[in-house]
Amino acid sequence: MRFFSIFFLFVSLQILHSQNQFVPDDVPYKTALENAKTKGKPLFIMLYADWCPHCNQMKKEVFSDPAVMEFLNKNYVCIWKNIEKEEGTALKNKYNTKSLPTFLFLDPNTETLLYALKGESKKAEFLNEANYALNPKLQLPYLEKEFMADPGNSNTFFNYLNTLKKGKDRTDLSIPTHIYLNTQSDTQLVNETNWRIIANGVTDIKSREFQYVLHHQKDFAAVASQNRVDRKVESIVTELLRPDVDNLDTINYYKHREIAKSIKLQKTDSLVFKFDLTLAERTEKWQYYKKVTLEDTQKFVWNDASFLKDIGQTYLKHITDEESLKKSILWVKHSLELNDSYDGNLLLARLYNKIKDKKSAIKYAKDAKVICTEMTWSTKDVDALLKELNAK
């Protein structure tokens, strides 16, 4: 009897577990479109990838909830498309999807985008947004129409921009942002609302609006803050250079790099320095990496202990000439002055070992072991180095 009770409990738990697992139906897009037309409902599409942790979290935490699925199925016809399969790829391209997960809410009669969301969210937040997407006056076509009827109205534009950015990347906000900003004089740009619009929608580093921000930073800092202005300057440089680095597009990178360098600010030059090193690492241009670090490490990352150690690790792996290695030793020593650490001491020991300075290598290896022992961490790596150095 006890066996059957346990067996019944196990089976019940398995059934409950399976009921809470989200398994998307593989309904063809055209079929779902026709179903939505017939039922008079909008079409809801989740675009995802199997490797995307945020997509998987949404499936596990949000779409496995019966209340969420009941709401969606009551108000929408729903489909789920993997962007690495044919229909998912086509939809990703058609609606210019750049983030995952992305949620599209479509008019099935025209395939017009009514609403869009991107990224991971909690159940309550997602349900609120899915409910907003049913309200015609909160949908993109209505908000766009209201804005275009009066392009200089900051309230109608800001409403449109706030909804648009829920599902689109910043580069997609650029065109409507500049339509609005073209109605504003230079002096009108300097207010809290227009600053927020610039911060959210301006992506062109050469645009009138961004150049005005650059040359009037104190004025904008007075209505926002210097920290917010700094973040905007840094983000626009990052948005300019990161795609080229990610795509290993060296031709466009060096074109865009010149534009970024023309800003002539310490904070942007520091960003360019870091992107230079990232691109050099990814393309394995170690001589260029060495040239850049020897020229500018102390200028741009001298107070960044973690970055100094990162450069030291790269020198340990890829740089061979002794003079350059000695320079990297100075950088890592300075990182220890900023923040004494086990990994910094171990790195110094290895760098000294590489230039055959056994005495210094043993010293820093022993210092690393002391820290390691105090923190009750494994001493395996440092013990292996000490053994190699023939030290107890």
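Select Tyr48 first, then Asn82. Tyr48 stands opposite Asn82 in strand E2. Strand E1 (residues 43–48) and E2 pair in the parallel sense, over 6 bridges. Strands pair here if DSSP finds at least two bridges between them. Helices (H or I, at least four residues) and strands (E, at least two) are DSSP runs, numbered from the N terminus.

A word on ground rules. This is a predicted model, in which local features need pLDDT of at least 70, side-chain atom pairs count only at pLDDT 80 or more, and totals for chains, interfaces and linings use all residues. Residues are numbered from 1 along each chain as its sequence is written, and side-chain values use heavy atoms, with hydrogens and water left out.

**Strand E2**

Colour E2 by burial. 6 of its 6 residues are buried. Buried means under 20% relative accessible area, exposed over 50%, and partly exposed in between (1.4 Å probe, protein chains only). Val77, Ile79 and Lys81 point one way. Cys78, Trp80 and Asn82 point the other way.

E1 and E3 pair in the antiparallel sense over 5 bridges. Pick Phe44: it stands opposite Phe105 in E3. In E3, 5 of the 6 residues are buried, so the strand is largely enclosed by the rest of the structure.

E3 and E4 run antiparallel, joined by 6 bridges. Phe105 has Tyr115 in E4 as its bridge partner. The two strands form a hairpin with 4 residues between them. Stop at Glu111 in the turn, which has a positive phi of about 60°.

**The rings**

Show the aromatic side chains. Rings of Phe, Tyr and Trp (its six-membered ring) pair if their centres lie within 6.5 Å; planes under 30 degrees apart count as stacked, over 60 as edge-to-face and the rest as tilted. The count comes to 26 aromatic pairs. Zoom in on Phe63 and Trp80. Their ring centres are 5.0 Å apart and their planes at 65°, so the pair is edge-to-face. Phe63 lies in the loop between helix H3 (53–61) and helix H4 (66–75), and Trp80 in E2 (residues 77–82), so the pair ties together parts that are 17 residues apart in sequence. Both Phe63 and Trp80 are buried.

Now widen the selection. Ring pairs link Phe44, Phe63, Tyr76, Trp80, Phe103, Phe105, Tyr115 and Phe126 into a cluster.

**Ser64**

Which loop holds Ser64? The one between H3 and H4. Ser64 counts as buried, at 12% relative accessibility. Its side chain reaches the backbone oxygen of Lys60 at 2.3 Å.

**The cores**

Select the largest nonpolar core, which has 78 residues. A nonpolar core is a set of buried Ala, Val, Leu, Ile, Met, Phe, Trp, Tyr and Cys residues joined through side-chain atoms within 4.5 Å. Leu43, Phe44, Phe63, Leu72 and Phe126 have the most contacts inside the core. Its largest share, 7 residues, comes from helix H13 (residues 226–246). Another core, of 38 residues, lies apart from it; Trp286, Tyr315, Ala349 and Ala361 are among its members.

**Last stop**

Centre on Lys363. Its charged end sits over the ring of Tyr364, 4.2 Å from the centre. This requires NZ of Lys or CZ of Arg within 6 Å of the ring centre and within 35 degrees of the ring normal. Finish at Lys274, which lies over the face of Phe307, at 5.3 Å from the ring centre.

Key:
Polar contact = N/O pair within 3.5 Å; in protein donor to acceptor, adjacent residues only side chain to side chain.
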